[in-house]
Amino acid sequence: MAKEKDFPLIFDMSKEGRKGYQLPELDVPDVDLDADFEDEYIRKEAPELPEVSELQIVRHYTALSKRNHGIDSGFYPLGSCTMKYNPKVNEEIVRLPGFSFVHPYQAEETAQGAMELMYDLQTSLENITGMHQFTLQSAAGAQGEWAGLMMIRAYHESNGDTERTEVIVPDSAHGTNPASAAVAGFKAVTVKTNDRGLVDLDDLKRVVSEKTAALMLTNPNTLGLFEEEIIEMAEVVHGAGGRLYYDGANLNAIMGYARPGDMGFDVVHLNLHKTFTGPHGGGGPGSGPVGVTEEMAKFLPKPVLTKKDNQYTFDYNRPDSIGRIKPYYGNFGINVRAYTYIRSMGPDGLKQVSENAVLNANYMMRRLQDEFELPFDQHCKHEFVISGKKQKKLGVRTLDIAKRLLDFGFHPPTIYFPLNVEEAMMVEPTETESKETLDEFIDALISISNEAKEDPEIVQDAPHTTVVSRMDETLAARKPVLKYEKE
Ligand SMILES: *Cc1c(COP(=O)(O)O)cnc(C)c1O
């Protein structure tokens with residue numbers, strides 16, 4: 001079980017009367033709380049806050065921050081949901097007063113610069129994906145999926161087509177896909193993956209019907225493989241009256257090379273907090289813009305940002321819109337970062353991002369394929385999946401390998417996902433890592449595999465170097481202890 005090594009809580013350090021601040025002399029009239037406010041609003045006892053010096057509190061939080069693994073402290077190859085690049089220039093730009101002090105209730109004529117940035121960002125995303133129009137409103141990939149499916153529902157209803165109750169999702173899909181389909185009121189229907197790791201076209205033809213509202217697809221899929229038969233798949237789904245939804249959370253394999261709009265997709269979401277360099281930041285805020293074809297544009301969430309005679313306005317007069325999905329107009333700070341990134345890279349830079357992402361992933365996959373089983377032996381895109389099946393036969397599970405990687409200073413890859421690969425390890429190196437870092441990680445994985453053969457206990461009991469060792473991960477999720485209770 002988890003054991004804390006010598007790490008006092010801030011409450012344990014507290015000494016009565018100790019202070020970490022100095023206040024100036026009072027130079028305004030003193031307020032008598034008891035006299036001026038009703039009794040029920042006033043605490044009867046002072047809250048039990050820790051009393052510590054300035055140095056103690058600075059050291060406490062600095063020590064806490066060092067216990068996290070972040071992109072600034074080491075390699076982070078967490079496939080699919082990877083924190084990719086967080087360029088520091090983004091932080092400089094987003095802190096410019098014109099961006100950081102803009103207020104969502106400001107009059108439109110005083111916020112034209114911010115609105116221009118959002119409009120230009122939408123235009124860039126339209127060009128990158130080949131879609132007609134984007135909204136920046138949704139705050140995450142999952143919310144983008146939901147909004148996209150609500151637009152698909154509105155589209156079918158506007159055609160009097162009300163019996164379309166099913167959304168087809170491959171068995172390798174990200175978990176948010178079937179979840180979003182359910183939240184949008186559809187039934188998720190699974191389509192199988194073939195032995196090449198791609199959607200089985202025959203199975204797709206079998207599950208598609210007059211009940212199909214949409215196919216949700218990630219391409220390259222979560223195995224890191226490009227769905228080569230996408231044009232045929234689009235024909236099958238469109239032929240049955242369904243729409244195509246593209247999960248574009250990770251676009252760093254195809255930017256500048258292929259566009260979902262050209263593949264036949266009707267609705268697309270992107271994760272600006274992945275491909276377009278927004279930090280994930282403890283679960284949010286993110287940005288999951290949604291793009292649609294011209295035929296679907298009238299269903300976009302309102303307000304819609306429009307440009308006329310060089311004036312930007314928010315258009316609320318959208319009778320077919322699915323409505324508002326988030327207060328204001330999305331997470332502006334993440335959008336500024338994405339805009340900065342796109343402008344600093346330019347079209348050729350984004351193309352090179354894709355090249356490097358794909359090269360790095362293939363390099364790693366090929367160097368690892370002798371030591372670990374490779375379930376689908378073909379070129380990958382930005383990520384790849386290997387299996388810990390051979391090591392499991394020696395009594396070392398993929399979870400043990402992931403934990404042992406922590407001792408080597410690496411964040412583990414995504415494990416046990418996708419679900420259709422036994423003992424899966426899903427690795428995404430990203431485009432920004434050096435060859436030296438990739439080699440160090442590969443060498444660590446090979447060393448761990450050798451340990452599994454020679455000294456499996458060292459892997460089974462890992463990690464040995466972290467503040468806490470194995471935790472009950474279900475308990476932490478089901479019964480989180482988030483506040484200090486005094487004994
Ligand atoms: C991350 C991810 C999502 C979900 O995005 P959130 O912003 O976490 O909601 C969906 N699909 C894929 C393929 C992803 O990698």
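Q: Where does Cys81 lie?
A: Cys81 is in the loop between α3 and α4 (88–94). Helices here are DSSP runs (H or I, at least four residues) and strands are E runs of at least two, numbered from the N terminus. This is a predicted model, where local features need pLDDT of at least 70, side-chain atom pairs count only at pLDDT 80 or more, and totals for chains, interfaces and linings use all residues. Residues are numbered from 1 along each chain as its sequence is written, and side-chain values use heavy atoms, with hydrogens and water left out.

Q: How far apart are Cys81 and Thr275 in space?
A: 9.9 Å, C-alpha to C-alpha, while in sequence Cys81 and Thr275 are 194 residues apart.

Q: OK, salt bridges. How many are there?
A: The count is 23, taking a salt bridge as a side-chain nitrogen of Lys or Arg within 4 Å of a carboxyl oxygen of Asp or Glu.

Q: Which residue does Asp72 pair with?
A: Lys88, with 3.2 Å from N to O. That pair links distant parts of the chain, since Asp72 sits in the loop between α3 and α4 and Lys88 in helix α4, 16 residues apart. Asp72 is exposed at 64% relative accessibility, and Lys88 is exposed at 51%.

Q: What about Arg366, which residue is its partner?
A: Asp377, and their closest N and O atoms are 2.7 Å apart. Arg366 is partly exposed at 29%, whereas Asp377 is exposed at 58%.

Q: And what does Lys392 meet?
A: The side chain of Glu423, in a salt bridge of 3.6 Å, N to O. Lys392 is in helix α13 (residues 389–393) and Glu423 in the loop between β11 and β12, 31 residues apart. Lys392 is partly exposed, with 38% relative accessible area, but Glu423 is buried at 8%.

Q: Switching topic: how many cavities turn up?
A: Searching the whole structure gives 2 cavities of 30 Å³ or more. A cavity is a set of points, on a 1 Å grid over the protein atoms alone, where a 1.4 Å probe fits but cannot get out, and lining residues have an atom within 4 Å of a point. Grid points are joined across faces, edges and corners, and the volume is the space filled by probe spheres set on the points.

Q: What's the volume of the largest cavity, and what lines it?
A: About 60 Å³. Its lining includes Pro170, Thr193, Leu217, Asn221 and Glu227. By class, the lining has 5 nonpolar, 6 polar and 1 charged residues. In that scheme Ala, Val, Leu, Ile, Met, Phe, Trp, Tyr, Cys and Pro are nonpolar, Asp, Glu, Lys and Arg are charged, and the others, Gly among them, are polar.

Q: And the second largest cavity, what's its volume and lining?
A: The second largest cavity is about 50 Å³. Among its lining residues are Leu223, Met365, Phe376, Cys380 and Glu383. That lining divides into 8 nonpolar, no polar and 1 charged.

Q: Which peptide bond is cis at Pro303?
A: The one joining Lys302 and Pro303, with omega about 0°. Pro303 is in the loop between β7 (290–292) and β8 (304–308).

Q: And what is omega for the cis bond from Ala462 to Pro463?
A: Near 5°. Pro463 is in the loop between α16 (456–460) and α17 (473–478).

Q: What's phi at Asp309?
A: Near 45°, which is positive in a residue other than glycine. Asp309 is in the loop between β8 and β9 (311–315), and counts as exposed at 73% relative accessibility.

Q: And what about phi at Tyr416?
A: Also positive, about 55°, and Tyr416 is not a glycine. Tyr416 lies in the loop between β11 (414–415) and β12 (424–427) and is partly exposed at 34%.

Note on methods
On a 1 Å grid over the protein atoms alone, a cavity is a set of points where a 1.4 Å probe fits but cannot get out, and a pocket is an open set with protein on both sides within 12 Å along at least five of seven lines; lining residues have an atom within 4 Å of a point. Buried means under 20% relative accessible area, exposed over 50%, partly exposed in between (1.4 Å probe, protein chains only).
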